[in-house]
Amino acid sequence: MLATLPFLGYIVEGLMVTVGATLVGFAGALLIGATLSTLIVGSNTLPRYVASGYVTVFRALPELLFVFIVYYGLDIAMRALAARIGIAPLEISPFAAVTIALAMQFAAYCAEIFRDARTAIPGGLIEAGEAIGLSGTKVRTRIVLPLMFINATPALGNIFLVILKVSALASVIGLEEVTRRAKVVAGTTKEPFGAFAVAGICFLIVTALATALQHYIERRTTFGRSVA
Amino acid sequence: MKQISYKLLLAAISLAAILSGQASAETKVLVGTDASNPPFASVGTDGALQGFDIDLVNAICAAEKLTCEIQNIPWDGIFAALDSGKTQVVAAGLNITPERLKKYAMPGPYLSSPFAYIAPASSTLDGTKEGLSGKTIGTVAASAMEKYLNANMAGTINVSTYDSWDAAVLDLDSGRTDAVFGELIALQVAYIKAKPGVYKIVGEPISDPTYSGQGKGLAIPKDDKTLSAAFDKGLATVIADGTHAQLTKKWFGAEMPAK
């Protein structure tokens, strides 16, 4: 354990990357997920099928596989495209690859969560809004969306934690996040237990903070309902 | 409804565009290594890369006046990174093998490195083929060592493969394998010297012309002839001016020849 201590800062620094990738991935998943759920409940047939297909495909793909597809596959595709239209190819950094992969993959789960959260809104509330003369947009922004987010909070909290942990997959494409750094330190010090224990504690701390935040949000949004 | 969804879609697309990063304009030579393999490559407490391969690459780049950036890439993905152009040179204590020479130019050799078995200090193994019969031997997947075992010891021993030497040695510690088959110099420095009295080399070091006899080299895709020529020349320079000998003394404790 002693040989690991000098590397503490190096491993903990990786936490910034882990949290950064998680936050960006989560934000992307929320955005794409909300879009998908809007399309799924929408009245247009084609977008509805496309969105449902997206959800089916991405819920089925293993995360690791998709990280590889984005990191190596997108790079090859980009270069082919760049060669065809004659521009310099964009390079996909490991950070970009993992956030794109996480956002696209978890968007499928978020879409399902949002759809359920939307169905759980009592129809009477929407009718009440219409009855007092709110426009369609106002009903959506003042009633449907806020209630949808409130309903979705517990499930989204779960998704956040899953993304946090799945972001460790980024270590296989060389993103210098906590897990990768712990592995490098384990290799350097020959004290795998110490290095991985530090990484484990890092994850525990972030998880505890995220859970506390989630509970706070849930407490603030229980108006008019019984607290579980 | 439609408007909102278009806006969301637009936001998602622009997010993806921002994330995909910028094309690099500078002409840097990207060199990939896996920094969990001391003494070839590891990290210091400040997170900076260090090791024999790191110093050697820096010396070659200095000799050839190249701007090199060393990247820390996991071993599992290091050849994928080389093939997809994410890195241009791999310097990860690679053994020169005929199979790798088909795909890559391999400037070198910069170290000769016979193979050896290590086992717990209490082990009764003698390193002979008969003595190892029926035993389970750990090694790193896709390494020249694994290929040697598959070619020469198939049917005699069980081979267990890992993604790193540490993982292989951890399973040795736990008793799931009887010995680990690796490179003499790496095993010497990383395990035997680091933990005196815990492990020992069993049997004689093995030199095999197909798998280890050609020593260690760098790997550069064959198309990149300018770069491999520069590394060939740079390596010859650092070997000739004594830098190489000095570095082997620094990292392996004794001067070692390149061949």
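Chain A comes to eight helices and zero strands in its secondary structure. Read from the N terminus, its elements run α-α-α-α-α-α-α-α. Please keep in mind as you look around that this is a predicted model.

Here are some overall values for chain A.

| Property of chain A | Value |
|---|---|
| Span of the C-alpha trace along the principal axes | about 70 × 55 × 25 Å |
| Share of the 228 residues that count as buried | 39% |
| Share of contacts between residues at least 6 apart in sequence that join residues at least 24 apart | 76% |

Now let us turn to chain B. Its domain assignment gives domain 1, made of residues 26–112 + 215–252, and domain 2, residues 115–206. Between the C-alpha centres of domain 1 and domain 2 of chain B there are 25 Å. Where the two domains of chain B meet, eleven residues of domain 1 are in contact with nine residues of domain 2. The side of domain 1 of chain B that touches domain 2 has five nonpolar, five polar and one charged residues.

One helix of chain B is worth a look of its own. Helix α5 of chain B covers residues 144–152, and its buried residues include B:Ala144, B:Met145, B:Glu146, B:Tyr148 and B:Leu149. In an α-helix there are 3.6 residues a turn, so residues three or four places apart point the same way. What do the buried residues of α5(B) pack against? Their partners are strands of chain B: β5 (89–95), β7 (115–120), β8 (136–140), β9 (158–162) and β10 (179–183).

How values were computed
Residues numbered from 1 in each chain as written. Chains lettered and ligands numbered in written order. Predicted model: local features only at pLDDT ≥ 70, side-chain atom pairs only at ≥ 80, totals over all residues. Buried ≥ 20, exposed ≤ 12 C-beta atoms within 10 Å, placed from the backbone. Helix = DSSP H or I, 4+ residues; strand = E, 2+ residues; numbered from the N terminus. Contact = placed C-beta atoms within 7 Å. Domains from an automatic or database assignment. Nonpolar A, V, L, I, M, F, W, Y, C, P; charged D, E, K, R; others polar.
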